[in-house]
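This report describes selected features of the structure shown below.

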Amino acid sequence: MWTLIQIELFKIFRRPRTYIAFAAITALIGIIQFGLKLDGESYVEFMMRDINSSITVEGKILNGYQVCYIVLQVLLVHVPLLIALVAADMVSGEANMGTLRLMLTKPISRTRFLLAKFMATVAYTLLLLVWLAVMALFVNMLIFGTDDLFLMKSQYVVLLKENDIFWRYVWAFGFAALAMTTVASLGFLFSLFAENSIGPIVATMSVIIFFTILSTLNIPVFNAIKPFLFTTHMIGWKEFFDIRVNDANEAIVGSIQNPDRILRSAIVLVVHIIGFVTAAIWVFRKKDILS
Amino acid sequence: MFRLIKSIFFMLICSIAVSVQAQDMTGLINKVKAKLDQVNDYEADGRMKTDVAFIKAPVGKVKVYYKKPNKFRLKKDGGISLLPRGGVSVNMNSIIATTDFIALAAGEANVGGTKTKVVKLLPANENNDIVLTTLYIDEANLLVRKAVTTTKENGTYEIEMSYGQFSNYGLPDKVVFSFNTKDYKLPKGITLEFDDTEKELTEAEKIRNKKGRVEISYANYVVNKGIPDSVFK
Amino acid sequence: MQPIVTVTGLTKQFSNLIAVQHLSFSVYEGDVYGFLGQNGAGKSTTIRMLLSLISPGSGKIEIFGRDLQHHRNEILAQVGAVIEKPDVYKYLSAYENLKLFARLSGIRATETRLMEQLEQVGLASRARDTVKTFSQGMKQRLGIAIALVHDPKLIILDEPTNGLDPQGIADIRNLILHLSRDLKKTVIVSSHLLSEIEQVATRVLIIDKGKKIVEGNALELFDPSQTLVALQTLNQVDALQKMQNSSWAGNLQQQRDTAILLKLDRNRIPQFHRDLVAMDIELISLEVRHSLEDYFLQVTSGNQHVDTYTD
């Protein structure tokens with residue numbers, strides 16, 4: 001199995017397409033960093049315009065932690081596309097190239113073959129997130145320094161102390177990895193049904209965009225189905241940045257407001273991953289390879 | 001005609017009586033002011049606790065700086081500080097610093113076990129944001145125990161002070177501000193959240209309680225050692 | 001002799017097309033088994049079923065005496081295949097492709113060994129170049145190197161000469177003969193061209209519309225005593241009449257196209273030629289065909305339908 005995963009990773013990382021995602025993340029974050037470094041003040045003003053009448057905020061709002069949060073908020077919506085670019089190509093790309101039939105005449109069961117491919121996809125996803133973490137967190141910590149993190153939620157604002165933030169990012173990236181693995185497994189499932197990668201990539205993105213819109217719309221009719229959409233749970237990483245308060249309304253350092261909500265979201269995502277992968281194996285085992 | 005003269009005379013008496021009483025209170029205020037006036041500047045460490053429904057912040061360490069006549073700065077050490085809008089000027093000195101006022105006696109009251117004189121301060125200047133300040137003054141120690149200020153723009157807020165080591169300078173160990181908070185709400189489109197509405201209701205209920213409090217406990221006062229103006233910029 | 005491949009009652013239906021219908025045949029050790037049929041006759045579907053790429057609707061496939069469905073991996077470890085176009089990873093080099101598929105076949109070959117393999121197919125000098133720079137023929141040779149890298153007992157070549165130039169076709173022919181004669185491998189080779197099969201095959205299966213037409217020993221099917229001769233004359237009606245009245249009447253075949261067909265022993269063709277002159281038949285051409293080719297054309301002509309996945 002390890003050999004198979006190695007081979008799949010070898011294939012992934014020998015293809016130019018793979019590096020598009022890494023380059024895209026680097027470029028996007030680079031642009032955000034450049035912009036904020038150059039004109040961060042105006043951005044903060046813009047950001048604070050809605051709450052300035054309620055709260056006076058003093059201090060270095062635009063520090064590395066804040067920039068990382070901004071980056072994640074903006075980027076994590078688009079990373080699925082980069083994941084889909086590779087995940088949705090995993091099987092369809094081979095079918096298109098004509099290598100799938102050759103692969104499958106080798107003495108490896110289809111289940112193992114598919115699992116190895118999926119593992120490699122997950123490895124790619126994780127590497128992409130590690131790269132995102134390096135660029136968005138560590139590089140920003142270097143460029144902008146660290147300080148307290150001031151966040152605006154829709155109902156309240158949160159202030160996290162400098163020494164109470166890093167661990168939240170570690171967990172947030174972990175959660176993001178889970179969310180992106182869900183995207184990867186969906187793309188992976190779709191990649192079984194086509195003989196070119198465009199279809200599955202578009203299908204994956206369409207589902208995500210469609211579900212995200214449903215998740216965002218605050219229309220009562222849709223509220224009932226929201227908990228069942230995996231996209232609703234994909235932003236669960238933000239929950240790590242909500243702190244609990246005691247009776248005196250004092251934030252408890254090191255606490256999370258809704259750990260149960262994170263857990264629930266994580267479970268929903270894991271169930272989706274298992275569901276998608278199981279479905280993929282089930283389909284693939286019976287599939288006639290005509291490519 | 002006589003009746004007219006009589007009534008004018010009565011009014012005159014009354015006004016004198018009022019002004020005599022007012023004069024009395026101005027004296028008390030001036031005494032308190034004189035006491036505070038000993039302080040040219042100070043800095044102190046403080047622990048700030050913000051108890052506002054829509055703010056979730058941990059207890060923070062702050063540093064406060066004051067310089068006559070009305071420079072005041074609250075700084076958080078290297079971090080970010082959040083203060084609810086409400087024009088909370090966090091020290092007594094600046095409240096009393098106004099010279100142009102009318103002080104009226106309004107009886108006595110008990111604040112935290114101390115007997116106090118109640119004084120109402122009316123700013124003479126119509127343009128002042130402060131409409132009325134009610135001071136609860138501990139006459140024996142010349143300390144302001146409580147102040148309730150009504151403003152045009154920022155509603156009413158209350159400051160309660162307790163004193164300790166630095167009562168000689170009129171500097172409190174602990175100050176508690178209570179005030180009405182303004183509404184806070186951001187559209188979800190901006191915060192990019194899509195959590196379920198059910199949860200929000202309970203949060204919203206919390207927010208309906210619009211009384212906010214900021215509590216600062218002071219320690220390590222450094223008085224009259226000089227503070228450069230740059231601190232207040 | 002034990003058959004290496006035994007197929008019994010194999011049937012496969014795609015939504016509305018029966019691709020293979022009750023097909024049974026056996027391949028014996030050392031055979032070069034020619035699998036002949038028009039495009040869309042069901043060759044590819046059958047071969048893909050032999051390689052477990054397509055699951056049979058019904059019927060049974062046994063390879064090396066074991067059921068394919070239950071012993072897939074053990075069987076496939078001993079099988080090498082080139083299926084239609086020899087597609088490999090274009091962004092990898094020839095060497096990397098070969099190494100990758102060797103590992104997938106469960107063997108860890110040394111660099112020397114892999115280079116030898118590439119040498120054998122004449123790709124040693126291009127070993128480190130990415131495949132996207134290769135010609136069709138080079139890809140085909142690499143495909144064959146991949147099929148042989150794990151030293152399989154059974155080699156399956158599906159339309160190996162598709163898209164090749166005459167030299168490439170000749171190379172494949174020689175390779176098949178080399179595999180069979182020198183390396184004693186069993187080879188199954190499919191084609192829609194009789195000329196390719198007849199030069200290499202020891203046994204032949206002809207299928208059409210998914211059904212077996214004939215299976216047999218190549219020597220018998222290509223029997224020289226059954227040589228087919230096609231005549232073109234200035235006056236076909238006159239010529240036919242003259243022949244019907246001659247001693248060659250017994251050799252006349254059912255007529256097709258514009259040619260007059262006769263089946264006769266190869267050795268008698270010179271005599272036949274002299275008789276034509278004697279009968280004053282104005283001959284334009286005399287074409288010698290194998291009986292099998294005629295048979296093949298006859299059973300398969302006009303039956304062309306395009307399979308969805310063959311190209």
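## Strand pairing in chain B

In β10(B), T156(B) is the bridge partner of T150(B). The model is a predicted one. The two strands concerned are β9 of chain B, residues 143–151, and β10 of chain B, residues 156–163, which pair in the antiparallel sense over five bridges.

Strand β10(B) also pairs with β11 of chain B, residues 172–180, again in the antiparallel sense, over seven bridges. Here Y163(B) stands opposite P172(B) of β11(B). In a regular strand, side chains alternate between the two faces of the sheet.

## Overall form of chain A

Chain A comprises 12 helices and three strands. Its C-alpha atoms fill a box of roughly 65 × 40 × 30 Å along the principal axes.

Of the 291 residues of chain A, 46% count as buried. Among contacts in chain A with a separation of 6 or more, 76% are accounted for by residues 24 or more positions apart.

## Domains of chain C

Chain C is divided into domain 1, residues 3–215, and domain 2, residues 224–289. The C-alpha centres of these domains of chain C lie 41 Å apart.

## Contact between chains C and A

The contact takes 25 residues from chain C and 21 residues from chain A. On the side of chain C that touches chain A, the elements giving two or more residues are α2 (72–76), β6 (79–83) and α3 (94–104) of chain C. The residues of this side of chain C divide into 15 nonpolar, five polar and five charged.

Terms used. Residues are numbered from 1 along each chain as its sequence is written. Chains are lettered from A and ligands numbered from 1 in the order in which they are written. This is a predicted model: local features need pLDDT of at least 70, side-chain atom pairs count only at pLDDT 80 or more; totals for chains, interfaces and linings use all residues. Two residues are in contact if their C-beta atoms, placed from the backbone, lie within 7 Å. Helices (H or I, at least four residues) and strands (E, at least two) are DSSP runs, numbered from the N terminus. Ala, Val, Leu, Ile, Met, Phe, Trp, Tyr, Cys and Pro count as nonpolar, Asp, Glu, Lys and Arg as charged, and the others, Gly among them, as polar. Two strands pair if DSSP finds at least two bridges between them. Domain bounds come from an automatic or database domain assignment. A residue is buried if 20 or more other C-beta atoms lie within 10 Å of its own, exposed if 12 or fewer, and partly exposed in between; C-beta atoms are placed from the backbone.
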